[in-house]
Amino acid sequence: MLEKLVLPLIIAPFRVIVWSWRRRAPDAATLHDLMDAPRVILATYHGMFLQLLAYTPLSKRRLFVVLTPSLDGRLLGAALRYFGIDHLAVARGNRGVAGSREFARRLNEGDIAIVAVDGPRGPAGVAQAHVLRLAQVSQASVFLAITSAPRGIHFGSWDRSCLPLPFSRIECRLKGFEDGANGNGASGMEALQTAMVRAAREINSPIPEPRSYAHT
C-alpha cells in the first residue's frame, strides 16, 4: 500500500522541493573525469541519497543504486524510479559472486553505481568494506560524492537523513578515490573513511569523526 498508494501522492510535492534547491555544482574537471571513466562507483553515505537527487540531471549515463530487498529498500527503489534511477537488489549480507556479477555487468554497460558505504543499517558515517570489494571485482573507478545543506528536516533515522527546505542552497563535493580498485583490508577502509570525512569537512557536512571503521 505504501508503494502503490502513498508514494505516488507524496512524490509530486517532493519533486517540487528537489527542483527548488539551489545546487552548487561539483568541480567540472572531476565531473568530466567521472563521465569519461569506463566503470564508475559513486561512494556516498546513506543519509545523503535525498540531496544527491538534485544532481542526477548532471549525469549523461544511467544511474543505479545497490539496495537490500527489505521494505525500506523496496520503498527507496520505487521512489528513485521517479527520478530515473534504477536499482539492483542484493540480499542482506550477500556481496559475493552472484550480486557482484550483475553489478559488474551493469558497470560494463556504462551505468554508474551509487553505493552507500555505511549501508544498509549503519553505523551512520562509518565506511564498510563492500564498496572496495565491489570496486576490485569490477575494476571500477571510485568517486566520492558528499553533500551538504545548511537547513533541513531531520527524520531521526539511523542514517541521519536530512531533507533540505525549499530553495535551500546545497553543495556536492565530488572527488576521485585513487585507492578504489586496489585498497583492501584495514588500510583501504581507513583511507576511504579518511577521504570521505575530509571531503565532508570541506563543505561543512555534519558526519561523525572517523573514530572507527568496519571490516566486514
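Glu 202 is partly exposed in this predicted model, with a relative accessible area of 38%. Its salt-bridge partner is Arg 173, and the closest N and O atoms of the two are 2.4 Å apart. Arg 173 is partly exposed as well, at 23%. A search of the whole structure finds ten salt bridges, and there are also three cavities of 30 Å³ or more to look at. Here is a friendly tour, starting with the charged pairs.

**Salt bridges**

- The pair of Arg 173 and Glu 202 links distant parts of the chain: Arg 173 belongs to strand E9, Glu 202 to helix H7 (residues 185-202), and 29 residues separate them.
- Arg 62 and Asp 111 form another salt bridge, with 2.8 Å between the closest N and O atoms.
- This pair also joins distant parts of the chain, 49 residues apart: Arg 62 sits in the loop between helix H3 (49-52) and strand E3 (63-67), while Asp 111 sits in the loop between helix H5 (97-108) and E5.
- Salt bridges connect Arg 62, Asp 86, Glu 102, Arg 105, Arg 106, Glu 109 and Asp 111 into a network.

**The largest cavity**

- The largest cavity holds about 200 Å³ of space.
- Its lining consists of 16 residues, and those nearest the centre are Leu 31, Leu 42, Tyr 55, Thr 56 and Ser 59.
- Helix H2 (28-36), strand E5 (112-116) and strand E9 (169-177) each contribute at least two lining residues, with H2 giving the most, three.
- By class, this lining has 14 nonpolar residues, two polar ones and no charged ones.

**The second largest pocket**

- The second largest pocket has a volume of about 270 Å³.
- A set of 21 residues lines this pocket, and Met 48, Arg 160, Ser 205, Pro 206 and Ile 207 lie nearest its centre.
- Strand E6 (141-148) and strand E7 (152-154) are the elements that give two or more residues to the pocket lining.
- The pocket lining is made up of nine nonpolar, eight polar and four charged residues.

Definitions and conventions
Residues numbered from 1 in each chain as written. Predicted model: local features only at pLDDT ≥ 70, side-chain atom pairs only at ≥ 80, totals over all residues. Heavy atoms only, no water. 1 Å grid on protein atoms, 1.4 Å probe; cavity = no way out; pocket = protein on both sides within 12 Å on 5 of 7 lines; lining within 4 Å. Points joined across faces, edges and corners; volume = space filled by probe spheres on them. Helix = DSSP H or I, 4+ residues; strand = E, 2+ residues; numbered from the N terminus. Nonpolar A, V, L, I, M, F, W, Y, C, P; charged D, E, K, R; others polar. Salt bridge = Lys/Arg side-chain N within 4 Å of Asp/Glu carboxyl O. Buried < 20%, exposed > 50% of the residue type's maximum accessible area, 1.4 Å probe, protein only.
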